[in-house]
Each structure stands twice: as C-alpha cells, then as structure tokens.
Amino acid sequence: MEDEFRTSSTFSPPWSSDGLVTRSDQNVFSAAKLFDLLWESIADVLGTAATATLLRRAIKRAASQTSWPEPITVARNGLDYEYSLPETWKQPGNEKAIDVLRAVAAELRVLLVELTGPVVVRRLARLAPFRKLGIDFSEEAK
C-alpha cells in the first residue's frame, strides 16, 4: 500500500520553470501533475502540515457536494505527509479528474481566503497551468 502514495518530494513540473505554459506543455497536463503543483505551491508558503489539513478539508467538502468513485487521501506517514490519488488522474486530458480537482480547488480557495486572506490564492491564481484548465483561484472566484 505504501507504494501508492505520492509525496511532495518527487514533484517535477511538466512546464517551464517560470510557470508559463508553452505549446509543447499543453498535452502533458494531468490532474495528478496539477495536484502536485497545488501541494508544492501551498506547502512552500504554509508548510506540509497546514497543506495536508487544508487539502483534507477541501477534499471532504468537495466530496459531500459531488461524487467521484475513487478516493483522494492525505495522510501522515511518520514526520511527513503524503497523498494518494486515483490512478486515472495520471492520464493527461482526463476531464473527469480535472473536474474533481476544480471542485477541490474551489473549496480550498474558500478555506485559504478565510485563513490566510488573499496572499496564497493570489500566488495560486498566477500559475498558468491552473488558469489554462479553468482552475480558478482568482479573488473574484466564488
């Protein structure tokens, strides 16, 4: 079971280091890579414990409003936090997985604004991969 967990330490973005999406990047987006980016971006500011807590809450809230058959889990493993994602999330262009990620991101955005103000959501809103796929962290998003 341990091998199905993904850790933030293995993150490798499929886009340029400046966060811009190039034409060659457009076909490599997967919900898993976007979740990796989400985790790393938040953990960079708030740390992994806060990131794990916020994502667990956002996943729980999103799951209560929509349904998806495959679980997303965030768990503590010793001193580290890890998450596991459905295998189908690794498929680029999986619109159902992107829709679930959009729902999680919408709930996460609300939590982030309540707890941190606009700082973290502004940072996430600047990331082109999220904007490209309609994952909205802008301050105007509801």
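## Helices and strands

The protein chain contains five helices and three strands. Read from the N terminus, its elements follow the order β-α-α-β-β-α-α-α. The model is a predicted one.

## The chain as a whole

The protein chain has 142 residues, and 43% of them count as buried. Its accessible surface amounts to about 7,900 Å², and carbon and sulfur atoms account for 50% of that area.

Contacts between residues at least 6 apart in sequence can be sorted by their separation along the chain. In the protein chain, 67% of these contacts join residues at least 24 apart.

## Helices α1 and α2

Helix α1 covers residues 31-46 and helix α2 covers residues 48-65. Their axes lie 7 Å apart, and the two helices pack at an angle of about 130°. That angle makes α1 oblique to α2. The crossing of α1 past α2 is right-handed.

On the α1 side, the contact is formed by F35, L38, W39, I42, A43 and L46. These residues meet T48, A50, T51, A52, L54 and L55 of α2. By type, the residues of the contact of α1 with α2 comprise 10 nonpolar, two polar and no charged.

## Helices α1 and α3

Helix α1 also packs against α3, with the axes 10 Å apart and an angle of about 10° between them. Angles under 35 degrees count as roughly parallel, and the angle here makes α1 roughly parallel to α3. The crossing of α1 past α3 is left-handed.

From α1, the residues A31, L34, F35, L38, I42 and L46 take part in this contact. Their counterparts in α3 are A97, I98, L101, L108, L112 and T116. The residues of the contact of α1 with α3 divide into 11 nonpolar, one polar and no charged.

## Helices α3 and α4

Helix α3 spans residues 95-116, and helix α4 spans residues 118-125. Their axes come within 7 Å and cross at roughly 140°. The two helices are therefore oblique to each other. R109, L112, V113 and T116 of α3 make the contact with P118, V119, V120, V121 and L124 of α4. Sorted by type, the residues of the contact of α3 with α4 are seven nonpolar, one polar and one charged.

## Two residues of α3

E107 sits in helix α3. Its relative accessibility is 13%, so E107 counts as buried; the cut-off for buried is under 20% relative accessible area. Leaving aside residues up to four places away in sequence, E107 touches A58, R61, A62 and Q65.

A103 is another residue of helix α3. With residues up to four places away in sequence again left out, A103 touches A62 and T66.

## A residue of α4

R122 belongs to helix α4. With a relative accessible area of 42%, R122 is partly exposed. R122 and F137 are separated by 15 residues in sequence and by 7.0 Å in space, C-alpha to C-alpha.

Note on methods. Residues numbered from 1 in each chain as written. Predicted model: local features only at pLDDT ≥ 70, side-chain atom pairs only at ≥ 80, totals over all residues. Heavy atoms only, no water. Axes fitted to C-alpha atoms, helices over the stretch in contact; angles between N-to-C directions. Helix = DSSP H or I, 4+ residues; strand = E, 2+ residues; numbered from the N terminus. Parallel < 35°, antiparallel > 145°, perpendicular 65-115°, else oblique. Left-handed = near helix turned anticlockwise from the far one by under 90°. Contact = heavy atoms within 4.5 Å. Nonpolar A, V, L, I, M, F, W, Y, C, P; charged D, E, K, R; others polar. Buried < 20%, exposed > 50% of the residue type's maximum accessible area, 1.4 Å probe, protein only. Areas by Shrake-Rupley, 256 points an atom, 1.4 Å probe, with all protein chains shown as cover.
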